[in-house]
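I opened this notebook to record what I looked up in one structure. The entries follow the order in which I consulted it.

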Amino acid sequence: MSKDKQYIKQIHTRRWLMLRREVLSRHPLCERCQAEGRTRAATEVHHITPVEEGVSPLDKRTLMFDAHNLQALCHECHVRTHTELGRSGRHANADRQHRKAEATISRFFSS
Ligand SMILES: [Zn+2]
């Protein structure tokens, strides 16, 4: 999913493979499907905050291996989640924040 060099290196480590297996055994069902009322097996582990958003190598490592940053998903939801995040999650997020701010402003100033 990512072209970040450190991410690619870490995704092949024993530490990641073991963590990934642990997440999938703890969450055998896709968390997004469950939230949307479907039952489907989770096959992939998603990083909620993309690893490449880490500023320093330590930041990236923290994002990579933080259990709270991980979500068990089926392939379809994983693809869908990344599509929604956009080509660049950070820009998509900034857009979202911007739209939210505009909505708030118009709510306050129009009557
Ligand atoms: Zn799913």
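**Entry 1. The metal site**

What geometry does the site of the zinc ion have, given the angles among its four donor atoms? I found it to be tetrahedral, with angles of 105 to 115°; the label requires four donors with all angles between 85 and 135 degrees. I note at once that this is a predicted model, in which local features need pLDDT of at least 70, side-chain atom pairs count only at pLDDT 80 or more, and totals for chains, interfaces and linings use all residues. Residues are numbered from 1 along each chain as its sequence is written, and side-chain values use heavy atoms, with hydrogens and water left out.

I then listed the ligands. The SG atoms of Cys30, Cys33, Cys74 and Cys77 coordinate the zinc ion at 2.2 to 2.4 Å. Donors are N, O and S atoms within 2.8 Å of the metal (3.2 Å for Na, K and Ca), and water is not among the atoms, so sites may look incomplete. Along the chain the donors are spaced C-x2-C-x40-C-x2-C. I checked Cys30 and Cys33 for accessibility, and both are buried. Buried means under 20% relative accessible area, exposed over 50%, and partly exposed in between (1.4 Å probe, protein chains only).

**Entry 2. The chain as a whole**

I counted six helices and two strands. Their order from the N terminus is α-α-α-β-α-β-α-α. Helices (H or I, at least four residues) and strands (E, at least two) are DSSP runs, numbered from the N terminus.

Of the 111 residues, 32% are buried. The chain exposes about 8,000 Å², of which carbon and sulfur atoms supply 55%; the areas come from the Shrake-Rupley method with a 1.4 Å probe, and for residues only the protein chains shown count as cover. I also looked up contacts (heavy atoms within 4.5 Å). Among those between residues at least 6 apart in sequence, 63% join residues at least 24 apart.

**Entry 3. Salt bridges**

How many salt bridges does the structure hold? I recorded seven, each being a side-chain nitrogen of Lys or Arg within 4 Å of a carboxyl oxygen of Asp or Glu. As background, side chains of opposite charge can pair when their charged atoms come close.

I began with Glu22 and Arg26, whose side chains meet at 2.8 Å, N to O. Both belong to helix α2 (residues 14-26), where they are four residues apart and therefore separated by about one helical turn. In general, an α-helix has 3.6 residues a turn, so residues three or four places apart point the same way. Glu22 is partly exposed at 42% relative accessibility, and Arg26 is partly exposed at 48%.

I next examined Glu36. Its side chain forms a salt bridge with Arg32 at 3.0 Å, N to O. Glu36 is partly exposed at 39% relative accessibility, whereas Arg32 is buried at 14%. Glu36 also forms a salt bridge with Arg80, at 3.7 Å, N to O. This pair links distant parts of the chain, 44 residues apart: Glu36 sits in the loop between α3 (31-35) and β1 (44-47), and Arg80 in helix α5 (residues 75-85). Arg80 is partly exposed at 28% relative accessibility. Through shared partners, salt bridges join Arg32, Glu36, Arg38, Arg80 and Glu84 into one network.

Which residues of α5 are buried? I noted Cys77, His78, Thr81 and Leu85. Viewed down the axis of α5, the buried residues fall within an arc of 105°, so they line one face of the helix; the arc is that of the directions from the helix axis to the C-beta atoms. Gly86 follows α5 and has a positive phi, near 85°.

Leaving aside residues up to four places away in sequence, Thr81 touches Arg32, His46 and Leu73.

I then turned to Leu73, in strand β2 (residues 70-73). Leu73 is buried, with a relative accessible area of 0%. With the same exclusion of residues up to four places away, its contacts include Cys30, Arg32, Ala42, His46, His78 and Thr81. The C-alpha atoms of Leu73 and Gln34 are 9.7 Å apart, at a sequence separation of 39 residues.

Notes: Tetrahedral: all angles 85-135°; square planar, octahedral: opposite > 155°, others 65-115°.
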